[in-house]
Amino acid sequence: MGKASYTPIWERLSDLAGVTRRIRGLHGANLYITVNRDASDQVREIFVNRGKADPCYQAWEEAVARLISLCLRANISLDNVVRQLRGITCHPVANGKDGFYLSEPDALAQVLTTYSTLSGLKTE
């Protein structure tokens, strides 16, 4: 069998504008979420990093961020991505110092919703 190939609809440019949000104290460490946009103001990629984290945590965070970025570059709507992440829970209360989050995926959904709303993009 031949090797499957994937050609994204959107090719990454060398420069993108972005913003990084720090969420303090989520599960005992800072979480940094970077949201990058293209020239048409569409969210195209994200990066997730935890300040002092176990390498396994970092691997999962990187994997999730890569998959979200792949979805966005393939023109899967931000609404669909957010809907899949919102409401995932890992503890009854995961309260960051900056707000209430049910889990790291829920925090990602909230950050993506915040930055999509700021640019006027519709997110349900």
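A residue is called buried when its relative accessible area is under 20%, exposed when this is over 50%, and partly exposed in between, with a 1.4 Å probe and only protein chains considered. By this criterion, buried residues account for 36% of the 124 residues in the protein. The structure is a predicted model, in which local features need pLDDT of at least 70 and side-chain atom pairs count only at pLDDT 80 or more, whereas totals for chains, interfaces and linings use all residues. Residues are numbered from 1 along each chain as its sequence is written, and side-chain values rest on heavy atoms, with hydrogens and water left out.

The secondary structure consists of 3 helices and 5 strands, where helices (H or I, at least four residues) and strands (E, at least two) are DSSP runs numbered from the N terminus. Along the sequence these elements follow the pattern β-β-β-α-α-β-β-α. Contact is taken to mean heavy atoms within 4.5 Å, and of the contacts between residues at least 6 apart in sequence, 47% join residues at least 24 apart.

Strand S2 (residues 29-37) is largely enclosed by the rest of the structure, because 7 of its 9 residues are buried. Its partner, strand S3 (residues 43-50), runs antiparallel to S2 and is joined to S2 by 7 bridges; two strands are said to pair if DSSP finds at least two bridges between them. S3 is likewise mostly covered, with 6 of its 8 residues buried. Within this pairing, Ile33 has Val48 in S3 as its bridge partner, while Leu31 stands opposite Arg50 in S3. The hairpin formed by S2 and S3 has 5 residues between the strands, and Asp41 is located in this loop. Asp41 takes a phi near 70 degrees, which is a positive value in a residue other than glycine. With a relative accessible area of 31%, Asp41 is classed as partly exposed.

Gly18 belongs to strand S1 (residues 17-26) and is exposed, since its relative accessible area is 51%. When residues up to four places away in sequence are not counted, Gly18 touches Val35 and Asn36. Gly18 and Arg44 are 26 residues apart in sequence, and their C-alpha atoms lie 9.9 Å apart in space. Gly99, in turn, is found in strand S5 (residues 99-101) and is partly exposed, with a relative accessible area of 24%. The C-alpha atoms of Gly99 and Arg24 are separated by 8.8 Å, although the two residues are 75 residues apart along the chain.

The packing of two helices is considered next. Two packed helices are described by the angle between their axes and the distance between the axes. Helix H1 (residues 55-73) and helix H2 (residues 78-85) pack at an angle of about 155 degrees, with their axes 9 Å apart; here axes are lines fitted to C-alpha atoms, for helices over the stretch in contact, and angles run from 0 to 180 degrees between N-to-C directions. H1 and H2 are therefore roughly antiparallel to each other, given that angles over 145 degrees count as roughly antiparallel, those under 35 as roughly parallel, those from 65 to 115 as roughly perpendicular and the rest as oblique. In this packing, Ile68, Cys71 and Leu72 of H1 meet Leu78, Val81 and Leu85 of H2. The loop between H1 and H2 contains Asn75, which has a positive phi of about 65 degrees although it is not a glycine. Asn75 counts as partly exposed, at 44% relative accessibility.

With regard to cysteines, the structure holds 0 disulfides, a disulfide being a pair of cysteine sulfur atoms within 2.5 Å. Cys71 is partly exposed, with a relative accessible area of 26%, and Cys90 is partly exposed, with a relative accessible area of 44%.
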